[in-house]
Amino acid sequence: MIKFYNTLSRQLEDFKPIDKTQVRLYTCGPTVYNFAHIGNLRTYIFEDLLRRVLEYNGYQVKHVMNVTDVGHLVGDGDEGEDKIDVGARREGKSPLEIAKFYEQRFFSDLKDLNIEMPGKVVRATEAIPSQIEIIKILEQKGYTYRDESAIYFDTSKLPDYGKLSGQKLSDKQTGARGDVVVDLKKKNPADFALWFFLAGRYKNHILHWPSPWGEGFPGWHIECSAISRQELGQPFDIHTGGEDHIGTHHPNEMAQSEAAFGVPLANLWMHGRFLQINDNKMAKSAGTFITLNDVKDKGFSPLDYRYLCLTAHYRSQLNFTWEGMLFAHNTSEKLFDFIRDVKPGKEGAAEYEKEFLEAINDDLNIPQALAVVWKLVDDNKIAKEIKIASILKFDKVLGFNLDNPPKETSPTEEASALLGQRQQARDAKDFAKSDELRKRIEELGYEVMDTAEGQKVKKKINI
Ligand code: AMP
Ligand code: ZN
């Protein structure tokens, strides 16, 4: 039995999908106005692990993700500019150019990290009719009100609004949370916009569509209610996102969908904790963030970052440091070295496979699953072929591409020549010379290792 922690019930629950064999999974996608930072990517790695664990257990996963290319304003409330417009102005491009560019970069990051693509990706701008449909229903049912700038959802009409975070409406009213912008036009501070008109601050909003209420554009939250229902039905099984969605975005999605259709939006709500940097959250808006390109520029492989993320449970914060990256790099290299050039046996190590399954099914305890892998590597009672058979199986969850590990580093001609001289020095027991040559090889960017099969090199990373 798989157990997952449900943010909504605040406890571990036995996982029972609505259909016996298929799991319907929705993950909130990126707002494509800038590069994803490695904090964002931590959340997508967590969701990838979730999907892989479900698949490992034999479920077919119907996975849908949105891409926010309109309507997400600066600050998760209803104040400020559309983030896409901010990006467009910054780079002198059109909102659609900005969204297209950063969406492509996002998906190329996912590919680098070996994250499986969702079965279906829907952009907010492609789902305008289904968003309008829900707003119409909410209006008919009396959950909305309007002023000259927007149509709002009236949260006071839903007695259990905020059940996800356990936050009472009165907390929002007193502005207890930093992200609640008190907009005097709203009846309650927690109310949120469903549809913006081309008026006031948004008079010149570039993207707009006709609606029963006039030209305008949707608020951020409604896209996820519309896209998830349109693609997965309601309720579906699992809804995920980063921990910042517990306070505003997900309660708002829930409110709209449940008020409109009278049934839950999703049964299980799972949230990944944030990646921190210097003990503060990594955030795009703060402007100081690390991207996957920065990680690659230092000489790391994206899979080193994947390894780093797997060392922390998704419900624990992870503080990013370059020392931590180096540790992840060295450890994942060891795994590649262990597996390289060895053919797997037919059977794996059953005991270890059982332990691995128990770990991943215990609310995605991937750090524990990694510990099982290393225990197996070190178990000298088991033949290497058997170990490899199990580890390749585990890799269906871990996602390191272990059946196709990166090739060993081959040195340049110059470094090869120095390695040859170093071998001669070692044969002549001239260790002073051998050390001096090691340093010269290091200056060329390689670390030298003396192994049973002779000298080997790997790229040296300077953090
Ligand atoms: P955004 O592109 O800002 O809409 O965020 C995309 C995803 O990244 C969402 O699921 C966020 O919850 C998540 N996220 C944002 N910041 C972080 C962080 N520092 N660590 C982990 N996840 C994050
Ligand atoms: Zn969402």
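Tutor: Start with a definition: a residue is buried under 20% relative accessible area, exposed over 50%, and partly exposed in between (1.4 Å probe, protein chains only).

Student: Which of these is glutamate 355?

Tutor: Glutamate 355 is partly exposed, because its relative accessible area is 27%. The model is predicted, so local features need pLDDT of at least 70 and side-chain atom pairs 80 or more, while totals for chains, interfaces and linings use all residues. Residues count from 1 along each chain as written, chains are lettered from A and ligands numbered from 1 in written order, and side-chain values use heavy atoms, without hydrogens or water.

Student: Where is glutamate 355 found?

Tutor: In helix α11, residues 350–361.

Student: New topic, the zinc ion. What are the protein donors of ligand 2?

Tutor: Cys28 and Cys224 through SG, His249 through NE2 and Glu253 through OE. They lie 2.1 to 2.4 Å from the zinc ion. Donors are N, O and S atoms within 2.8 Å of the metal (3.2 Å for Na, K and Ca).

Student: How are those donor residues spaced in sequence?

Tutor: The pattern is C-x195-C-x24-H-x3-E. Cysteine 224 sits in helix α6 (220–232) and glutamate 253 in helix α7 (249–261), so to speak a link between distant parts of the chain, 29 residues apart.

Student: Are cysteine 224 and glutamate 253 buried or exposed?

Tutor: Cysteine 224 is buried, and glutamate 253 is buried too.

Student: OK, ligand 1. Which residues come nearest?

Tutor: Gly39, Thr43, Asp244, Leu275 and Met282, out of 16 around ligand 1. A residue counts if one of its heavy atoms lies within 4 Å.

Student: What lies 2.4 Å from an oxygen atom of ligand 1?

Tutor: A side-chain N or O atom of aspartate 244. The protein covers 94% of the 490 Å² of accessible area that ligand 1 has on its own.

Student: And what about the backbone of glycine 39 and glycine 242?

Tutor: A backbone N or O atom of glycine 39 is 3.0 Å from a nitrogen atom of ligand 1. For glycine 242, a polar backbone atom is 3.1 Å from an oxygen atom of ligand 1.

Student: Which element gives the most to the shell?

Tutor: α1, with 4 residues. Both α1 (38–56) and β10 (236–242) supply at least two.

Student: How do the shell residues divide?

Tutor: Around ligand 1 there are 5 nonpolar, 9 polar and 2 charged residues. Gly counts as polar in that scheme.

Notes:
A polar contact is a pair of N or O atoms within 3.5 Å; within protein, one must be able to donate a hydrogen and the other to accept it, and residues adjacent in sequence count only if both atoms are side-chain atoms. Accessible areas come from the Shrake-Rupley method with a 1.4 Å probe; for residues, only the protein chains shown count as cover.
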